[in-house]
Amino acid sequence: MRLALREAAKGVGRTSPNPCVGAVVVKDGEVVAKGYHRRAGTPHAEVNALNAAGEQARGATLYVTLEPCNHQGRTPPCTERILAAGITRLVVGMDDPNPLVRGGGSAYLAGLGLEVITGVLADESLALNRPFVKHVTCGRPWVIMKAGMSMDGRIATRTGHSQWITGEAARARVHWWRDRVDAILIGVGTALADDPSLTARPPRGRGHDPLRVVLDSALRLAPTSRLLQQKSTAATWIFCGPAASLPRRAALVAAGAVVKEVALSSQGGLDLAEVLAELGRNGVTTLLVEGGGQVHAAFLRENLYDQACLFVAPFFLGGDGLPVIGDLGLERVEQGRRFRRTAVRHLGEDLQIEGLFEE
């Protein structure tokens, strides 16, 4: 199953809105074939592994990280392919989280005489597919808070200068993260101050550019911004409020943007829950929020973050620098948002601190 999990990880960032799944065929104690799901609309991991195994699959054991599907989607049911291949024993990492089909694939195969074992390395299987689980159960993407900051929690000096707070190793890791998500989101303040391209340029291999998302209630972004002028395989979506200027909207659309109108929240900003729901409806399962401070504060106030990924550089910028998070209006320490299962990684002189927010 650990080998199947390593196979599944090869699909991270490429399979949305489908899960990352790996499969391994074992016969007489020997691995005879492996496979993983490469992208939505292509054969599932089980099919790829069984095709590679050929006749050796007959009488073999199939290890798969996620319960095989038993319904017709963009591809045929994997359960039928498993039966046709002659598999006699199935070992499953985790059940299908879809409440409409959970347990159906395993129960169907067990009912036809296969030996079925479930829950093997279930926690590891879940960790690989938390975005898929959230998306399939509530329709929203898994939301990751990302920020690069000084030791005193500043993302820029008092003048707004921010390049570069973190070093080359940390910046390379950011591109690694971008390559693994479906979309990146920033506020219009960050877009105007930094004029970013928000592309993925990982150290090795060709990057996968995620969808670029800008929160811009009054449509202040210029059609000449790098988000719209620099070549990319990804689209740029701009979310605006109901009162946004029609001429500005037309100019941005002419420059290649997709402009989407959402309601305003009770605090006057864009309705972030509606933004997330629209992204989810369009197959976005992972969203990396890169700021700035007011955007991070808005997501934290509404408890919309699932995960944190913070890059901390070993120097100070002072109290007059721009904070990583805007005002939250908290009165007591216990009201703060805490994340758990923290992991720390050294990236040159910088640190990456990662964790899951408490529910």
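Biologist: Which residues lie nearest the centre of the second largest pocket?
Modeller: Ala 127, Leu 128, Pro 131, Arg 180 and Gln 307 do, among 30 lining residues. A pocket is an open set of points on a 1 Å grid where a 1.4 Å probe fits, with protein on both sides within 12 Å along at least five of seven lines, and lining residues have an atom within 4 Å of a point. This is a predicted model, in which local features need pLDDT of at least 70 and side-chain atom pairs pLDDT 80 or more, whereas totals for linings use all residues. Residues are numbered from 1 along each chain, and side-chain values use heavy atoms, without hydrogens and water.

Biologist: What is the make-up of that lining, by class?
Modeller: The lining has 14 nonpolar, nine polar and seven charged residues (Asp, Glu, Lys and Arg are charged; Ala, Val, Leu, Ile, Met, Phe, Trp, Tyr, Cys and Pro nonpolar; the others polar).

Biologist: Now the helices: how do H3 and H4 pack?
Modeller: Helix H3 (residues 78-85) and helix H4 (residues 104-111) meet at about 30°, with axes 10 Å apart; helices are DSSP runs of H or I of at least four residues, and axes are lines fitted to C-alpha atoms over the stretch in contact, with angles from 0 to 180 degrees between N-to-C directions. H3 and H4 are therefore roughly parallel, a term for angles under 35 degrees.

Biologist: Which residues of H3 make the contact?
Modeller: Thr 79, Glu 80, Ile 82 and Leu 83 of H3 contact Gly 105, Tyr 108 and Leu 109 of H4, with heavy atoms within 4.5 Å.

Biologist: Where is a cis peptide bond?
Modeller: One joins Gln 163 and Trp 164, with omega about -5°.

Notes:
Helices (H or I, at least four residues) and strands (E, at least two) are DSSP runs, numbered from the N terminus. Angles under 35 degrees count as roughly parallel, over 145 as roughly antiparallel, 65 to 115 as roughly perpendicular and the rest as oblique.
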